[in-house]
Amino acid sequence: MLAALCGTAPLAAQEQLPRKVENVEIVSLDGRPSRLPHFGEKNLMIFYVDPDHPKQGESFTDDLERTRRAQGKNIYGLGVMNLKDAPLVPNGMARNIARKRTESNHAVILADQDRVLSTAWGLGDCNNLFVLLLVSKEGELVYVHKGEMSAEDAEEFYRIVDLYR
């Protein structure tokens, strides 16, 4: 069962899944301190994205939105921009782009200006990567995937998220 919950994270992270994580304080798109919404109340599907590589993972997220295969009353999805690893994209510009996107899809997007989330949760290097995380409502990180999602990776994610919907 543990192997099934690991996703395709690097070996060091796989050996540690599932593992307890704490809610972190990052910032909202308007720069105010914010914690991850519904942490401890719902299972969280978090897209931790490097704004330098906004298209990475796009085909997977498009499929996810189209099929709604990860939706459920116990799942809450949100995005977190990894701004520290995008030095060429000004924070204000990244926030404006995210704000425009949230106007159309009503998604929640937060900003991690200093790698707070990746450091606190021991994710390792997330630079230039699309990172998909699943945190149970018990506060356990149960799934990590970094980089593009192959069809096999997507099926593995869907199999795991089905346990938490």
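These questions and answers concern helix packing, aromatic residues and backbone features in a predicted model.

Reader: At what angle do the axes of helix α3 and helix α6 cross, and is α3 oblique or parallel to α6?
Author: Helix α3 spans residues 58-67 and helix α6 spans residues 151-161, and their axes come within 11 Å.

Reader: Which residues make the contact between α3 and α6, and how many of them are nonpolar?
Author: In the right-handed crossing of α3 past α6, the former contributes F60, D63, L64 and T67, while A154, F157 and Y158 come from α6. Sorted by class, the contact has one charged residue and one polar residue, and the number of nonpolar residues is five.

Reader: Over the face of which ring does R69 lie?
Author: Y158 takes part in the contact on the α6 side, and ring pairs also link Y158 with F47, F60, F130, Y143 and F157 into a cluster. R69 is placed 3.9 Å from the centre of the ring in question, which belongs to Y158.

Reader: Which residue is joined to P18 by a cis peptide bond?
Author: P18 lies in the loop between α2 (11-14) and β1 (19-20). The cis peptide bond has an omega of about -10°, and the partner of P18 in this bond is L17.

Reader: What is the phi of H38?
Author: H38 is found in the loop between β3 (33-35) and β4 (43-49). Although H38 is not a glycine, its phi is positive, at about 65°.

Key: Residues numbered from 1 in each chain as written. Predicted model: local features only at pLDDT ≥ 70, side-chain atom pairs only at ≥ 80, totals over all residues. Heavy atoms only, no water. Axes fitted to C-alpha atoms, helices over the stretch in contact; angles between N-to-C directions. Helix = DSSP H or I, 4+ residues; strand = E, 2+ residues; numbered from the N terminus. Left-handed = near helix turned anticlockwise from the far one by under 90°. Contact = heavy atoms within 4.5 Å. Nonpolar A, V, L, I, M, F, W, Y, C, P; charged D, E, K, R; others polar. Phe/Tyr/Trp six-rings, centres within 6.5 Å; stacked < 30°, edge-to-face > 60°. Lys NZ or Arg CZ within 6 Å of the ring centre and 35° of its normal.
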